[in-house]
Amino acid sequence: MKQIIIIVLAVMSLNIHAQDNISNELSLSGGLMTGSACDMRLSYIHYINKYVGYGTAFGIYKQWHNDYLPQGDMESEKWSSWNLNKSDNKMEKLYIEPTLSFKTPALLHFGSWEMGLQAEPGIMIQIPYTFVHIDYIDRNTYESYEKGRSAHASDWCFWDLRTMLRFSFNDAFFAVGYGISNLDVYSPCRSMSVEGTSFNSVYPSKKLNHSIFIKVGATI
């Protein structure tokens, strides 16, 4: 993480001489990632020369499926069990990602099209606060009561590296890519605990996150 920050500061402090190569790119990407989740992001990159740039991405990831539902039994006069409300069970989070961008010169030409490689290391930052609803249930009467709970995530900042094969035509481009990061999609709720049961004990162990994506954009 420290190395990425140092690189970002170094690139931003460069004295740029090739003014004719300065440009800006706006792009939209979408893809699939580990943990049955999809990801979409809008990116803006300012290129300080033809091959090096820096910028910011705004994104959101969301699960479409999650088998892990925190729940437990209780011994009280009123309620016999509890569970995380199913509407909150699929993890979803907005994030902002300061990023660098490195492009290679064109490696192949297909008529007016050029093909090259691109890499974007960045730091994914999400709001370290989550609010969910817990359902308390009486198994005998099926009566239920909903209570809000909040928590501050212990992990909210993650490194991210996206690599891609880029096809350019004039001021437009599209790319197909692969990404890897230490993002934990369960991080919004992992630090929560209800009635002595830790959500961390329910969710799968942390692993590296892998993704595939498509990106389209243009020079602006």
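The side chain of S187 makes a polar contact with the side chain of Q126, at 2.8 Å. By polar contact I mean a pair of N or O atoms within 3.5 Å; within protein, one must be able to donate a hydrogen and the other to accept it, and residues adjacent in sequence count only if both atoms are side-chain atoms. This is a predicted model, where local features need pLDDT of at least 70, side-chain atom pairs count only at pLDDT 80 or more, and totals for chains, interfaces and linings use all residues. Residues are numbered from 1 along each chain as its sequence is written, and side-chain values use heavy atoms, with hydrogens and water left out.

Stay with S187. It sits in helix α2, residues 187-190. Helices (H or I, at least four residues) and strands (E, at least two) are DSSP runs, numbered from the N terminus. Is S187 buried or exposed? S187 has 3% relative accessibility, so it counts as buried. The cut-offs: buried is under 20% relative accessible area, exposed is over 50%, partly exposed is in between, with a 1.4 Å probe and protein chains only. Leaving out residues up to four places away in sequence, S187 touches Y61, Q126, A153, D155 and F158. Touching, or contact, means heavy atoms within 4.5 Å.

Next, R190, also found in helix α2. R190 counts as buried because its relative accessibility is 7%. Which side chain does R190 join in a polar contact of 2.8 Å? That of N200. N200 is also on the contact list of R190, with D184, S198, F199, Y203, P204 and K206, again setting aside residues up to four places away in sequence. One distance to note: R190 and R162 are 28 residues apart in sequence, and their C-alpha atoms are 25 Å apart in space.

Now V194. It is in strand β13, residues 193-194. Its relative accessible area is 1%, so V194 is buried. Beyond its neighbours within four places in sequence, V194 is in contact with W82, I134, Y136, R149 and F199. F199 is also touched by R190. V194 and G72 are 122 residues apart along the chain, yet their C-alpha atoms are separated by 8.5 Å.

Over to strand β6, residues 92-103. Two residues here. Take E97 in β6. E97 counts as buried, at 1% relative accessibility. Its side chain is joined to that of R41 by a polar contact of 3.0 Å. Setting aside neighbours within four places in sequence, E97 is in contact with R41, G55, T56, A57, G122, I123, M124 and D160.

K103 is buried, with a relative accessible area of 18%. K103 touches E25, Y47, K50, Y51, L117, Q118 and R166, not counting residues up to four places away in sequence.

Now the backbone. Most residues other than glycine have a negative phi. S36 has a positive value, with phi near 55°. Where does S36 lie? In the loop between β1 (23-33) and β2 (37-47). S36 counts as partly exposed, at 27% relative accessibility. N170 also has a positive phi, near 55°. N170 is found in the loop between β11 (157-169) and β12 (172-181). N170 is exposed, with a relative accessible area of 64%.

Finally, the whole chain. How many helices and strands does the protein chain have? Two helices and 15 strands. The radius of gyration is 22 Å, well over the 17 Å that the globule rule gives for 220 residues, so the chain is more spread out than a compact globule. That radius is taken over C-alpha atoms, and the rule is 2.2 Å times the number of residues to the power 0.38. Along its principal axes, the C-alpha trace spans about 75 × 35 × 25 Å. Of the 220 residues, 42% count as buried. Among contacts with a separation of 6 or more, 67% are between residues 24 or more positions apart.
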